[in-house]
Amino acid sequence: MNATEIIESVVGSQLKPESDYPSFSIGDTLNIHVRIVEGDKERIQVYQGVLISQRGRGINRSITVRRIVANEGVERVFPLHSPRIAKIEIVRRGDARRAKLYFLRDRVGKSRRLRDQRRGLQHVSETSAKASVAEAQDD
Amino acid sequence: MPAALLGRKIGMTRYYTEDGRNIPVTVIEAGPCPVTQVKQAERDGYSAIQIGFDPVKPRRSTMPIIGHDGKAGTGPLRHHREVRFEDAKDVENYELGQSLDVSVFEGVKFVDIAGTSKGKGFQGVMKRHNFAGLEASHGVERKHRSAGSIGGHATNLGTGPKVKKGKRMAGHMGDERVTVRSLDVISVDPERNLLLVKGPVPGANGGLVYIREAKRLNRSKTQRAKAG
């Protein structure tokens, strides 16, 4: 075994299966359910924000989620294989054209929002529908 | 009985505890190390065992090493180190050819690890000795990273024309033996000969490391060791 295989065999048991999380992509708005331990009690806190960055492979994989709290931008980095993350839900699918959405940090107000992916798709299908109608009229 | 082994640094990764804490760990392939020689006080003047690590092909080894390791019933090994014993009786627990593996560290909470640090080449005083350098302005020209005065009249006797011996200056940095003390043992895996310790270990991945039970612990680690 080479070094990489040894390390993978060590952390293999700690990896969460792929099926634990839905397949999200950059620009999506996510609900992250975080386990919080206070003394003996454990509760779950939900953090909602836009996924602006993904990095790392295997056990080092992590995501950065940005949200606005009291008019102040907050970014949290979550290691995806941490036992503290209970669940991830997709709230809204955003349409992003790049892998890292760091430009959102400079945006203020309404321009902070990303176009919804569904609306984007609808837009595409509408234009193609119009085009086919136009073609039909030409005939 | 001091537990000690030779091993190879594999690399670093992370390890999650059950309560979700994230621990940086170094993975070390430790042993198996055959005992290649037993030194006894009456014969050799001191008590120690010599352990070997990393088998090599006989044609890459030398006749003296092949013969020496042959006495222990193993093929030639690349590395050999002695482990000294304070008490002469401890040596009696070991015999020639006995194989030590990572299970000697089971139940051990803290280990010391020695390795050869990465070579940094010829470095200036700011990187090598953490000197502050000179100022960015106020008349300083072309000497912003230099050491400053090396002590006009300082000798080992107090005064004189020579520079004090051992004066810290620029020079070769790294590639020297470094020991890190009292690293937490995170897990021991005798099946794959793996040892996981918390935090970094000197040297590059693939480098030889010497692992022993921690010699001295600070106060908080002593308490943790007692707590069990």
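**Exercise 1. Which domains make up chain B, and what distance separates their centres?**

Start with the division: chain B splits into domain 1 (4-118 + 176-227) and domain 2 (120-173), with bounds from an automatic or database domain assignment. Next, take the centres over C-alpha atoms: those of domain 1 and domain 2 of chain B are 38 Å apart.

A note before going on: this is a predicted model, where local features need pLDDT of at least 70, side-chain atom pairs count only at pLDDT 80 or more, and totals for chains, interfaces and linings use all residues. Residues are numbered from 1 along each chain as its sequence is written, chains are lettered from A in the order in which they are written, and side-chain values use heavy atoms, leaving out hydrogens and water.

**Exercise 2. Describe how chain A meets chain B.**

Step 1: count contacts (heavy atoms within 4.5 Å). Here 14 residues of chain A touch 16 residues of chain B.

Step 2: take the buried area, the accessible area (1.4 Å probe) that two parts lose on being put together, summed over both. The value is about 1,400 Å², with 62% from carbon and sulfur atoms. A:I7, A:V10 and A:Q14 supply 34% of what chain A buries against chain B, more than any other three residues.
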